[in-house]
Amino acid sequence: MGKEEVHEVLDAIVVGAGFNGLYQLHHLRKNGFSAQVFEAGADIGGTWYWNCYPGARVDTHVPNYEYSFGELWKDWTWSELFPGWQELRRYFKYVDEKLDLRKDINFNTRVTRATFDTVADHWVIQTDSGDQFRARYFIVCTGLSSKPYTPDFRGLDTFQGECHHTGLWPQQGLGFAGKRVGVIGTGPTGVQIAQEAAKDAVHLTIFQRTPMLAIPMRQRKLDPTTLNELKKDYARQYRQRDEEFRQIVDIFPPEKGTFEVSAQERQAIYEESWAIGGFHFWGNMLNDVLADLAANREAYNFWRDQTRARINDPAVALKLAPTEPPHPFGTKRPSLEQNYYEVFNQSNVTLVDTVEDPIIEITKSGVVTDQGEHQLDLLVIATGFDAVTGGLTQIDIRNTDGVSLKDYWAEGVRNHLGMTTAGFPNMFMLYGPLSPAGLGTAPVCAELQGNWIINCLLHLRDNKLSRIEATDAAEDVWVQHMQDIAATTLFPLADSWYMGANIPGKARQMLNHPSLLEYMARCNHSAENGYEGFMLS
Ligand code: FAD
């Protein structure tokens, strides 16, 4: 039990001080709601507080990975098109200074339990210090990646070198110089860290289970003149985003289909997207790459041939860019790379294919695979996260019948509009499951979903309503809609975190809505029809 309560009943409690939580705090306060944020980390920034490993950087280029309000972007200067974690932290500090957020954030405080008081119609929130707080609305912004996942490697606890998960990197920093480094995992974080470690590790061993189909980032420095030129178009870009709901990764872009153009034209489109860099080759290129297997295969072949040309050893090239795709291109989150494939041409780098040469165990001195031991000083666990749902279900959130959210979702996530769940009144999730999270850029979702929630709270206040709750029927419709729309894409064909398939025992389902346009249309339709799909009282 928590300590005796001394706190006022707040309008809202927000969990998490990343893009979503901070946006909520600012707009709640602006609209006269009392609100407090609880954050497990010691500072703001969310993902960029925890992911401070060398090379950690965003894959969404400027100006898509920042808030769109002019009072912020007009005076802010990025130094790179794809900013790194240090610059992102500086950005959050700047946002805090401008919006005066910190005074309402409780750092180093993890929310552990939340129950709904059905008599008073408010949430009772418990933290790891044992304190209890009450609020009418419980707004959970725990993000995609706040629960790191480490597979159950035999002997991991016996390793006597240093061992860190990328999502829990030491805040004081840790480099690779003079060390024998092992990286397990070749997802986006594994790729980023491998590029850095290859620079000065004595030896780098990269353990790969599935080849990463990484695409060129084309990073570049931004001097103030260039940035000012770019800024001239920001307002138009943000307006277009808010009106047309298009973003940089668009699974259903309005462009032509792969086979509607000639082979020559197709090649030119591939080459152009490849040269632009960033996520262009993934989304926004041709309209069927992520929806049609034959179209996808054409894109894969282009990717494979471009990639192989950069790798000196043909045997290594076959492992990194196999003849047959390991899964449809782009159905696992591609990494943006800068020199990932050249890394394997270095004499201090070894690739271990753990399908052919599986990891048997971890010993006090390194990683033992079928073919022998790889001695290491530093072992990096780059195996990702219990993505999308992990941050939510690790809090003991109880519905009005006392059932935990984790149990309620044991057979698969159910919710309405990716933001609310039946039986959990007055609770909202941002960037959560069955919403565009994962395929949607974080600040974009923070603003579009965030505005929807703030408008909903204003509607409740204006109409003197104290409770909102999704209906079972609305959840059924939403789950079916997600299944139907996922089936029009190739995502269900890959064992990815998009499908919940990276975590043993997790229900397999498409967790991320693939169309921001369709998603926002449905959210807006509900609001415009008196919050259709909800019970208001
Ligand atoms: P987060 O930034 O994850 O913040 C959630 C916060 O909640 C964390 O600070 C956490 O400590 C806190 N929290 C969680 N549980 C509790 C609890 N019980 N009590 C108190 N606090 C809690 N997205 C993109 O759109 N583009 C990218 O290029 C991109 N690159 C990424 C690169 C990396 C390495 C990673 C890990 C993620 C990346 N993402 C990217 C996804 C990323 O999650 C989002 O960009 C963004 O950070 C989401 O913001 P958020 O506010 O929803 O969550």
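The structure is a predicted model, in which local features need pLDDT of at least 70 and side-chain atom pairs count only at pLDDT 80 or more, while totals for chains, interfaces and linings use all residues. Residues are numbered from 1 along each chain as its sequence is written, and side-chain values use heavy atoms, with hydrogens and water left out.

Helices (DSSP runs of H or I, at least four residues) and strands (runs of E, at least two) are numbered from the N terminus. Helix 16 consists of 13 residues, 516-528, and spans 18 Å from its first C-alpha to its last, close to the 18 Å expected at 1.5 Å a residue, where the expected span is 1.5 Å times one less than the number of residues. Its buried residues are Leu516, Tyr519, Met520, Cys523 and Ser526. Because they cover an arc of only 125° around the axis, these residues lie on the same side of helix 16, the arc being that of the directions from the helix axis to the C-beta atoms. Buried here means under 20% relative accessible area, exposed over 50%, and partly exposed in between, with a 1.4 Å probe and protein chains only. The buried residues of helix 16 pack against helix 14 (442-462), helix 15 (472-487) and strand 20 (534-536), and after the helix comes Gly530, whose phi is positive, near 65°.

A search of the whole structure finds zero disulfides, a disulfide being a pair of cysteine sulfur atoms within 2.5 Å. Two cysteines are listed below with the distance to the closest cysteine sulfur, which is too far for a bond in each row.

| Cysteine | Relative accessibility | Closest cysteine sulfur |
|---|---|---|
| Cys445 | 1%, buried | Cys523, 10 Å |
| Cys456 | 0%, buried | Cys523, 11 Å |

His416 is found in the loop between helix 13 (405-408) and strand 18 (427-429), and at 7% relative accessibility it counts as buried. Its side chain reaches the backbone oxygen of Glu532 at 3.4 Å. Not counting residues up to four places away in sequence, the residues that His416 touches include Ser526, Trp478 and Phe534, where contact means heavy atoms within 4.5 Å.

Elsewhere, strand 13 (residues 359-362) and strand 14 (residues 366-369) pair in the antiparallel sense over three bridges, pairing requiring that DSSP finds at least two bridges between two strands. Ile362 has Val367 of strand 14 as its bridge partner, and a hairpin joins strand 13 to strand 14 through three residues.

Definitions and conventions
Polar contact = N/O pair within 3.5 Å; in protein donor to acceptor, adjacent residues only side chain to side chain.
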